[in-house]
Amino acid sequence: MSSPVIALVGNPNAGKSSLFNQLTGLRQKTGNFPGVTVDKKFGTWSIDAQTVATVVDLPGVYSIYPKSLDEQLVTDILANPDHTDYPDVAIVVVDASNLHRNLLLFTQVADLGVPVILALNMLDVAHKQAKEVNAVKLAMRLGVPVVRINARTGEGLDSLKKAVTSQIQEPTLPGKLFFDPADEAPGLIADTRQQYGLDNNYLALQYVIQHDGFTFLNRQQQIGLDALIDKYQFNEQTFQAGETITRYKRIAAIVAETMTNQRPIGQPTWSQKLDRVLLHPVWGYAIFGFILLLIFQAIFAWAQPFMDAIDAGVAWLNGQLKESMPAGPLTDLLTDGVLAGVGGILVFIPQIAFLFLLISLLEESGYMSRVMVIMDRIMRKFGLNGRSVVPLISGVACAVPAIMATRSIGTRRDRLITILVTPLMSCSARLPIYTILIALVVPSQRVLGVFNLQGLALMGLYLLGLASALLAAYVLKLFLRTKERSYFIMELPTFKLPRWNHVGLTVWESVRSFVWEAGRVILAISIILWVLASYGPGDAMDQAEARVRQQHPTLATDQLQNQIASERLEASYAGVFGHFIEPTIRPLGYDWKIGIALLSSFAAREVFVGTMATIYSIGDGADEEGVTVRERLQQERNPKTGGPMYTPALAWSLLIFYVFAMMCMSTLAATQRETKSWKWPGVQLLYMMSLAYLAAFATYQFLK
Amino acid sequence: MSKRSVADLKIGERATIQSFGNQVMSLKLLEMGCLPGAEVCLCGKAPLGDPICLDVSGYCLALRKSEAATIFVD
């Protein structure tokens, strides 16, 4: 069985991802492109009984001259036949309603010598704009197969299959280059071809112009190309400008022959009409603000019934296990260690699902680009970019993909600042902590009839995260100076109805990776913690128990058991550990139990709740059923004052601490990967932790 | 008189691109279909007046005023 590689190439918004989903269905995976950390989407497509192709979805680009890091990848693959992802066939997806601009990329890819198929998409949109494309004429003029498809409905996939099969069996390439650089710079192209053993003029040109970005060329080869540029006094920018203009001229001639356009000039499309409202000086911001509020309502209020159900389910399972299994360390480990920890994570699935559902709806509909436009001016003041909005909003879900999303920002400084401040956005891992602590100190009341007071408190914390991210960006801007010019040039896609299967996949992927990635860390830490909390140095724990029995001979069994459990925990390894760090966190209002949770949550914030669950269910002693961590915390008494342990001062101090704290190894690793240095994750860790400590200290001292 | 640029257009006003004031920026703009001789129309502005939205070769391009100022029109 053969397995050819098929790459999907195209402009952003041309329908590449729709086609990708159509071809691969649920047989898709994400991974990294070899050597870089851009998300690589690949899947399998059964073309016929003998052939299962690997389909690779490449980042959307306007030309093969990259403007940002993720775009670099496209040329890096298409110009390097030895690359593992080098396609046997490239399907270039073009938006028929914007044929002129879309063909630029197509002619460049074809000129590189990759066997191509042109997939003519969005003919329905073109039709609505009174534009008709003659695919047969287009195929004849371009010299490559042209297939009419509808990537949303899946129409035309059979013809695409046939075209791909015949391109694999017998590649047809256009007879001559669409733009031949040898016409303009014959000596340079000939020399490059000869020295680098190339047989394609346009590929030779790419070696000359882009050699600094090509990872497959070694230092020696890159220096050799510099020498050639010097020899011929070649001006890359002028040449590239000339190339683009020449291509567009030839494209214009082809479009004039193959497309009829009867659209009345100056008639606004309904997207433009909608934009008048969405980009309106007042309504634009009002709508955006309302949508943000809606997201928080969804996360907090709408997800609640689902969360309660999961909570109850886990508690029920816990009870069942305790009843059916023999009492002993193994049962304790399973129920108090594993289930308590993992249950603390499962319960947040509804919130994460809602969050990603709404974010992906915003992206799908085309609204997200409008947000970038209305926010650019404001972001610029802080040293960011309109494009920083997507990382910042995604940061509300998880900083790791958000940091990877900064790759679409073309300017290095804008990108670095965005990376450094994104973790200040409150990610979903903080949600468990926020939810529990807010529920402790904020009453569940309705405000103005619709809003939940707890939801508003949650939104306040998110806004605090946002404000601190902007402020940090402003400070960083003062330190990071550069001559590079910041820019913002972006296509506004037309509004579309969301593709529900696409939305569903996004939600599924995010929930799955949250449960799987976070779940594994939490499981491991829960087990370690359970062991540390169940065993102590020497016979310290037994001594503690004996002491309690001696001191309180008259206590009722229940209370005695609680007292014993609590003293045993204090004498355990975990307790010793917590006591050791207590002096440093005492000014923030924390005790040694919170200290244990803080320490363990250095790996990932969501571990905090799992740890609390482990610590307090062990401290609990008696096997009460269905007690959630929140309820348990409410019952916790301060041994010194006798009042509740979790006073508003303590809870707010913890909340503020987690708003700012860099408690996530994966984020630091992502920053290291993306900046290719240890300096920036170091800076990030240091400034965020200082901020967290100082802010929590101030909060506690002020509210105490 | 200094050259008029796309940034000087009023909403709804049409113009034809003549030349560019910045070489690096022009490479990006050319690829996006802002070609000498192409007709553009300023179709809208972001709430604070910047970035602006340009109707060029059949689609909507958003760019900052400072970038639009490098596109000279007749």
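The side chains of Asp111(A) and Arg247(A) form a salt bridge, with 3.0 Å from N to O; the term covers a side-chain nitrogen of Lys or Arg within 4 Å of a carboxyl oxygen of Asp or Glu. Asp111(A) belongs to helix α3 (residues 99-111) and Arg247(A) to helix α10 (residues 236-258), both of chain A, so this pair ties together parts that are 136 residues apart in sequence. Helices (H or I, at least four residues) and strands (E, at least two) are DSSP runs, numbered from the N terminus. Both partners, Asp111(A) and Arg247(A), are buried. Here, buried stands for under 20% relative accessible area, exposed for over 50%, and partly exposed for values in between, with a 1.4 Å probe and protein chains only.

The model is predicted: local features need pLDDT of at least 70, side-chain atom pairs count only at pLDDT 80 or more, and totals for chains, interfaces and linings use all residues. Residues are numbered from 1 along each chain as its sequence is written, chains are lettered from A and ligands numbered from 1 in the order in which they are written, and side-chain values use heavy atoms, leaving out hydrogens and water.

A second pair brings together Asp191(A) and Lys231(A), whose side chains meet in a salt bridge of 2.8 Å, N to O. This pair links distant parts of the chain, 40 residues apart: Asp191(A) sits in helix α7 (residues 186-196) and Lys231(A) in helix α9 (residues 219-232) of chain A. Asp191(A) is buried at a relative accessible area of 16%, whereas Lys231(A), at 54%, counts as exposed.

Arg64(B) pairs with Asp376(A), and their closest N and O atoms are 2.8 Å apart. Because Arg64(B) lies in the loop between β4 (59-63) and α2 (65-68) of chain B, and Asp376(A) in helix α16 (residues 367-381) of chain A, the pair joins two chains. Arg64(B) is buried at 2% relative accessibility, and Asp376(A) is buried at 0%. Over all chains, the count comes to 21 salt bridges.

How confident is the predictor in chain A? Its mean pLDDT (the predictor's confidence in each residue, from 0 to 100) is 85, and 95% of the residues reach 70 or more. Within chain A, confidence is lowest in strand β2 (residues 28-32), with a mean of 68, and highest in strand β8 (residues 146-148), at 95.
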